[in-house]
Amino acid sequence: MAICPHFCHAVANAHAAQRMAEGLHTTCYNIRMRLHDYAPRPSHLKWLLDSDPAIRWQVMRDLTGEAPHAIAAERSRVATEGWGAQLLARQSPAGNWGGSPRGWRADLPKEDRGLLITLYSLVVLKDLGLDPASKQARKMIDRVDKRLVFKPLNDRPFLEGETEPCINGRILGIGAYFKEPNNALANQLLGEQLEDGGWNCEAPKSRCASFHTTICVLEGLLEYERAGRKSAAVTKACKRAENYLLDRRMFRSLRTGEVINKRWLRFSFPTFWHYDVLRGLDYLRNAGIRPDSRVREGIEIVVERRHQNGRWPLNLLHPEHIPLKMETDVGSASRWNTLRALRVLRWYNSTC
């Protein structure tokens, strides 16, 4: 399935990350930033907590530091209430998430369209934090494991992956999170890493990595490690790929220094296969990477995207599809973007 475009060359726009307001405070790494941008106000937290269980439990874990038992109790509600329960209910007994909207990805066979929607739905359930130990999650992933296959690949089971690293990175993460780590799939991905440290869905033809594919594989390898498969080879591969992003300041061409794609400076949720600066920084936070001067401009972009009311908007929606609409319209305040931006800023500030 060819779904991932590859951005190997920069486009002209060298000034997109430089529009910072006057009179800001200087903090670590000489980043000019308002101090109050580092911590949410009580009204922001109240707004975030007045939401879906998937938002609430992550706010409790990442921003308010609640007791583990309270966080676990709130997280357990994802399976039975709100977005998590709604998305689970839309899985068919055959293991997939149904058909696609009229005209969506008409370039693909119907079977491939259905598998893409299933992939996206599974990634969102993971992002919601559905507890993999819950009976609802076990029932869901057992359906996927036993009933879904890639027919063009001789009925290869879905959780064994297919041919493209961008898809296999997501499948590796889904399997490691909900079921069990797949050593063969992880080794396949390690063998496809390019010389520059990243991955590309056109490998081995392409010699240039894609930010989109690289972030998908990194997120998958992180879940694989957390499932008990940490090794020197995986650690080395992740470090190379993280440096691929960091050496490019999270969004710039290594060769020219120009912004590779201006859409990466605008934030969306769900991200599907698309890279953006907030997704890249949130990965680094989640992986426990200590920030250095190479994240400076990315952090500035996050601060710049914040509205005066202290919330981050939904800047865009990608054309991919899942059978669930979450929270808001483009331009309106987004709890997902606000939560992720605040925890990225907290991660940055806590290491300064």
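**View 1. R105 sits in the loop between α4 (82-89) and α5 (110-128).** This is a predicted model, where local features need pLDDT of at least 70, side-chain atom pairs count only at pLDDT 80 or more, and totals for chains, interfaces and linings use all residues. Residues are numbered from 1 along each chain as its sequence is written, and side-chain values use heavy atoms, leaving out hydrogens and water. Helices (H or I, at least four residues) and strands (E, at least two) are DSSP runs, numbered from the N terminus. R105 is buried, with a relative accessible area of 17% (buried means under 20%, exposed over 50%, partly exposed in between, using a 1.4 Å probe and protein chains only). R105 isn't a glycine, yet its phi is positive, about 45 degrees. Along the sequence, R105 and P319 are 214 residues apart, but their C-alpha atoms are 9.3 Å apart in space.

**View 2. N154 lies in the loop between β1 (149-150) and β2 (156-157).** Here's another positive phi in a residue other than glycine: N154 has a value near 60 degrees. N154 is exposed, with a relative accessible area of 73%.

**View 3. A cis peptide bond runs from F269 to P270.** Its omega is near 0 degrees. Look for P270 in the loop between α10 (232-247) and α11.

**View 4. Helix α9 (residues 211-229) packs with helix α11 (residues 277-286) at an angle of about 20 degrees.** Their axes are 11 Å apart. The two helices are therefore roughly parallel to each other (angles under 35 degrees count as roughly parallel, over 145 as roughly antiparallel, 65 to 115 as roughly perpendicular and the rest as oblique). On the α9 side, I215, C216, L218, E219, L222 and R226 meet R279, G280, Y283 and N286 in α11 (contact means heavy atoms within 4.5 Å).

Technical notes. Axes are lines fitted to C-alpha atoms, for helices over the stretch in contact, and angles run from 0 to 180 degrees between N-to-C directions.
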